[in-house]
Amino acid sequence: MRVILCEDDPQQRRFLQSTILQYTSFHETNIELVLCAAKPEEVMTYLTDHQADCYFLDIELDAGINGLELAQFIREKDPLANIIFITTFADKLKLTFTYKLAALDYILKEAPNLKDNIISALQVAYEKYEQIHFKEETGFFALKIGEFIKKVRFEDIYYFETSHHAHKVILREINGFYEFYGNLKEIEEKIDERFFRCHRSYLINLDYIEKLDMQKNKYF
């Protein structure tokens, strides 16, 4: 899961960044903090060529747009993104209704258990991320491409392979191929016994294997 943080206060930004990195280092290595921004424009620029799955956004940004307006921009690009608002003032949370923004969580900076609240929100976001990307539905593999969820039948999948693009995987099936964010380890845990990890970069569907050459270690 790719995470973006946008907080204009340097001290708060360092604290949030440290909390997220500590948690990902010791508990969940499949979460990556890809951008730690001071200005909303940095996030908007990043999203022109990249994607993310979870956003920690300060509502009161000292910039041309606030965190709520940034969230609207994110929602337009990805309606399924997990957004977690951070604010100093509890009454600011009411504005999310005015902007018609549904958030995963709301975190108050002055809360005594701030660190625990950040970690809890991160854990819930990752659970939702897994449900979206690797929905356990019999006979199907679900993947997220932009704002869409694509379901591919197991029986139609030839193999998964690691992409040359960082943090991406390619799924090849009878109708073509799809490239999406993920890794083979995560995928392997979500599919059934017909798939086999024959190489660190390949996860193949054994139903399409007709011949195995043990001497040359090749599949046909």
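Guide: Let's begin with a definition: a salt bridge is a side-chain nitrogen of Lys or Arg within 4 Å of a carboxyl oxygen of Asp or Glu. Keep in mind that we are looking at a predicted model.

Visitor: How many salt bridges does the count come to by this rule?

Guide: The general idea is that side chains of opposite charge can pair when their charged atoms come close. Here the count comes to seven salt bridges. One of them to look up joins the side chains of Asp58 and Lys109, with 3.4 Å from N to O. Asp58 belongs to strand β3, while Lys109 sits in the loop between β5 and α5 (114–133), so this pair ties together parts that are 51 residues apart in sequence.

Visitor: You mentioned β3. In what order do the strands of its sheet come, and is the pairing parallel or antiparallel?

Guide: A handy idea for reading any sheet is that in a regular strand the side chains alternate between the two faces of the sheet. In this case five strands make an open sheet, ordered β2-β1-β3-β4-β5, with parallel pairing. At the edges are β2 (32–37) and β5 (105–108), each of which pairs on one side only. On average, neighbouring strands of this sheet are turned by 15 degrees against each other, direction ignored.

Visitor: Over how many bridges do β1 and β3 pair?

Guide: Strand β1 (residues 2–6) pairs with strand β3 (residues 54–58) over four bridges, in the parallel sense.

Visitor: Which strands does helix α1 lie across?

Guide: Helix α1 (residues 10–26) lies across β1, β2, β3 and β4 (82–87). The helix runs at about 175 degrees to β2.

Visitor: Now the other sheet. What is the order of strands where the pairing is antiparallel?

Guide: That open sheet has five strands in the order β10-β9-β8-β12-β11. Its edge strands, each pairing on one side only, are β10 (176–181) and β11 (195–199). Neighbouring strands here are turned by 20 degrees against each other on average, direction ignored.

Visitor: Which residue of β12 is the bridge partner of Tyr159?

Guide: The partner of Tyr159 is Ile204, and Phe160 has Leu203 as its bridge partner in β12. Three bridges join β8 (residues 157–162) to β12 (residues 202–205), and the two run antiparallel.

Visitor: Last, pockets. How many residues line the largest pocket, and which lie nearest its centre?

Guide: The general idea: rolling a probe the size of a water molecule over the atoms shows where empty space is left. In this structure the largest pocket has a volume of about 220 Å³. Its lining has 17 residues, and nearest the centre lie Asn30, Glu32, His167, Gly182 and Asn183. By type, the lining divides into four nonpolar, eight polar and five charged residues.

Key. Residues numbered from 1 in each chain as written. Predicted model: local features only at pLDDT ≥ 70, side-chain atom pairs only at ≥ 80, totals over all residues. Heavy atoms only, no water. Pairing = 2+ DSSP bridges. Axes fitted to C-alpha atoms, helices over the stretch in contact; angles between N-to-C directions. Contact = heavy atoms within 4.5 Å. 1 Å grid on protein atoms, 1.4 Å probe; cavity = no way out; pocket = protein on both sides within 12 Å on 5 of 7 lines; lining within 4 Å. Points joined across faces, edges and corners; volume = space filled by probe spheres on them. Nonpolar A, V, L, I, M, F, W, Y, C, P; charged D, E, K, R; others polar.
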